[in-house]
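Hi,

Here is the structure I promised to pass on. Have a look first, and my notes follow below.

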Amino acid sequence: MNGFERARRWLALAVAGTALSACVYLQPVQEAQRLVGAPESAVRARFGEPTDIFKLSDGRVRWIYSKQPLGRQAYAADFDTAGNLVSFRQMLTTPELYKAQIGTWTKRDVAEHFGLPREPTSYFPLLRRLVWSYRFLHVDNWPSMFNFYFDDGGGVRQSRETPS
């Protein structure tokens, strides 16, 4: 094998490696579907360290892979009590965001569903409201922000969608 052929093979390997990593980056949900049933270590090897980890009330564990503040995705990897992946989905979608229950959900519920906020938080002293904001794409692919307004006790008192 001459130098040209060797360089061509290395280039082909590099392109193939880049294409595989691009699939993980551009289509993480589809990539993760192949890992359902796999242990946490396989998910960590494929996607790296999660941005947030939560122990849910039913004993399951949720890892959040947030692409915030500049991205518009937060992926949830849910593991059963044995530590095996049961689901992987994009949480910052219009249907998911509107599942938040005013007067029932707390900061903890919002964080468990969408990850901790990566946007700067705001506090409005006259209203006594803390605001967490998340970038997302509305169902018609309109760049938007979803804002959760918390009272001083940490309960969700209002939510609002705005263009971003």
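Let's start with helix α3 (residues 40–47), which lies across β2 (61–66), β3 and β4 and runs at about 0° to β2. Helix α5 (residues 107–114) lies across β1, β2 and β3, at about 70° to β2. Helices (H or I, at least four residues) and strands (E, at least two) are DSSP runs, numbered from the N terminus. Axes are lines fitted to C-alpha atoms, for helices over the stretch in contact (heavy atoms within 4.5 Å), and angles run from 0 to 180 degrees between N-to-C directions.

Before going on: this is a predicted model, where local features need pLDDT of at least 70, side-chain atom pairs count only at pLDDT 80 or more, and totals for chains, interfaces and linings use all residues. Residues are numbered from 1 along each chain as its sequence is written, and side-chain values use heavy atoms, with hydrogens and water left out.

Now the sheet. It is open, with 4 strands in the order β1-β2-β3-β4 and antiparallel pairing (two strands pair if DSSP finds at least two bridges between them). β1 (52–55) and β4 (85–90) are at the edges with a single partner strand each, so one side of each has no neighbour in the sheet. From one strand to the next, the twist averages 15°. Strand β3 (residues 74–79) is joined to β4 by 5 bridges, and D78 sits opposite S87 in β4.

E96 counts as buried because its relative accessibility is 11%; buried means under 20% relative accessible area (1.4 Å probe, protein chains only). Leaving out residues up to four places away in sequence, E96 touches R89, Q90, M91 and F114.

Cheers

How values were computed. Buried means under 20% relative accessible area, exposed over 50%, partly exposed in between (1.4 Å probe, protein chains only).
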